[in-house]
Amino acid sequence: MRFFKGKRDKEAAVQGTSRNFQELLEKFEASNDFLTFQFPDEDGYTISYFHSLVNDQKLHEHILAVIKDQPRRSLRQIKGDIPMEDSKETSEVAVIQRMVMSGSIMIQSRKADESCLLIPCVHSVKRQTSIPESEYTVAGPKEAFVESLDTNLNLIRNRLPIPELRSREFRVGSISQTKLVVLYMDGIVNQQIVDTVVQRIGDIDYDTIVDISFVGQMITDNRNSMFPQLIETERPDHLASVISEGKIGIMLDGSPHALVGPNTIISFFSSFEDYLQIWNLGTSFRLIRLFAVLFSIFSSSMYVAVITYHYQVIPTDLLPVLISSRGVIPFPPILEAIILEGTIELLREASVRLPTKVGSTIGIVGGIVIGSAAVEAGFVSNVLLMLVALAALASFTVPIYQISNTIRLIRFPFLLAAQLYGLFGLVLCSAFILSHLLKLTSLGSPYLEPLYPMRIHDFKDSLIRLPFSKQKKRPQFLRTEDRIRIRKRNESKSRPQSDIDE
């Protein structure tokens, strides 16, 4: 057995091979972890592979053991003797490059042969499934996606074990060539939405795709909006549930999250735990989150507007408290609010970037120490400090991390509008954002549905969540082929005429 490492000598270059194939070999051999040897002797097969990508045990036990001490046979016969799935005999340079760089063994009968046999022999390092971190729930399954696409597909197919679950595979990134899969339920999903997603994925023109968030930014309807239109989830049960509802899931190899769409703005305030409790509790918690979000956005700006322009609306009993709290403050309300809001954002960023144990300590201790010192020094009033702290706490109730970032940033335009025009400025800013949301879509579906366009049926699972027995049809905004979710035993699976008319 003879090994060759490094770039092959030009005098020993194989004659008769295609120029592109030879250039590809030269690129491979420029790396020290690319090995080429002849097996079982110097006149045997030429075997080449990347040592860092190949499973050595599988190579010796399932491939070399079959070739050893056997008379010379064709590549087709070797392929039949080695029962490895996805093995391929080809001379296409693009296929050879993709499969070798993905962990396949390249076998040539002779050095001069342009055709070769590619046998997958991947050595994959996989992280074991663990509990969800950003979407943790007290009840329900405790499995989360990992970086392995095959493992993630296994988690979904175990929950939806029917042939109607379709997966379409793509390669994205001109350099990374990352594997991407689109999941949907055939016979339920609106095929027009699938075609839209497939077209946008095909239009991706970027060199390296390392995370599913890259894909989400490139296929979203409005790339300049700060409001997310696609949900990132790490829960297989969540993804399986929405796929059966008629939505589309997108998963990327190397990313522990999946994209879900289309969505409405209410979807970002709905936790999967809402469906694991009785309907009245789930509805109550959802309404509490919506109220918390509105309070987080408007509390500081309302304080600035009222103190600056509309002090007449302050109740008489509350007025002495506000006067005493601001008696020694040298800054105007807007500057006072920006100082506190900026401090909260600094603490958030510091706690996220630091290690877990240190970050949590910085967030708690830093908030207490800085807040108390700012009040005692006379930089901010204790009333505003309490409002900002409650607003920050209210923003943590949002179950989807993407929309929480939007809520964090959207408070600052409201603060500036309150300083310029008071309550009228808040109305103008709200109207501007509302007009933006009215025009916003998620994979072509209206973002403010069921509020606009008004669809009474979809209120059953939006602001409120009715019992499962009342949710007999899938949401209208998804325009699914089969809208019926609950059927009688003798009822046909074809859509009734009433559904078509709707």
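I started with the contacts of Ser-404, leaving aside neighbours within four places in sequence, and found Ser-395 and Val-398. Ser-404 sits in helix H14, residues 401-421. I put Ser-404 down as buried because its relative accessibility is 10%, and the cut-off for buried is under 20%. I note here that the model is predicted.

Next I looked up Glu-135. I placed Glu-135 in the loop between strand E6 (116-120) and helix H5 (149-159). I did find a polar contact at 3.0 Å between the side chains of Glu-135 and Thr-233. Leaving aside neighbours within four places in sequence, I listed the contacts of Glu-135 as Glu-232, Thr-233, Glu-234, Arg-235, His-238 and Ile-400.

Thr-233 took me to strand E9 (231-233), one of the elements that the buried residues of helix H7 pack against. I noted the others as strand E8 (178-185), helix H6 (191-202), strand E10 (248-252) and E11. The buried residues of H7 (residues 212-219) are Ile-212, Val-215, Gly-216, Met-218 and Ile-219.

I then followed E11 (258-261) onward: Ile-278 is in the loop between this strand and helix H9 (279-308). Is Ile-278 buried or exposed? I recorded Ile-278 as exposed because its relative accessible area is 53%. With Leu-281, Phe-285 and Ile-288, Ile-278 makes a nonpolar surface patch of about 360 Å². I reminded myself that an α-helix has 3.6 residues a turn, so residues three or four places apart point the same way.

Last, I checked the backbone. I found a cis peptide bond between Glu-449 and Pro-450, with omega about 10°, and a cis bond from Tyr-452 to Pro-453, with omega near -5°. Pro-450 lies in the loop between strand E13 (445-446) and helix H16 (497-501), and I placed Pro-453 in the loop between E13 and H16 as well.

Leu-443 has phi near 55° and is in the loop between strand E12 (441-442) and E13. I counted Leu-443 as buried because its relative accessibility is 6%. Arg-479 has phi of about 50° and belongs to the loop between E13 and H16.

Notes: Residues numbered from 1 in each chain as written. Predicted model: local features only at pLDDT ≥ 70, side-chain atom pairs only at ≥ 80, totals over all residues. Heavy atoms only, no water. Patch = residues over 30% accessible without salt bridge, like charges linked within 9 Å, V, L, I, M, F, W, Y side chains within 5 Å. Areas by Shrake-Rupley, 256 points an atom, 1.4 Å probe, with all protein chains shown as cover. Salt bridge = Lys/Arg side-chain N within 4 Å of Asp/Glu carboxyl O. Helix = DSSP H or I, 4+ residues; strand = E, 2+ residues; numbered from the N terminus. Buried < 20%, exposed > 50% of the residue type's maximum accessible area, 1.4 Å probe, protein only. Polar contact = N/O pair within 3.5 Å; in protein donor to acceptor, adjacent residues only side chain to side chain. Contact = heavy atoms within 4.5 Å.
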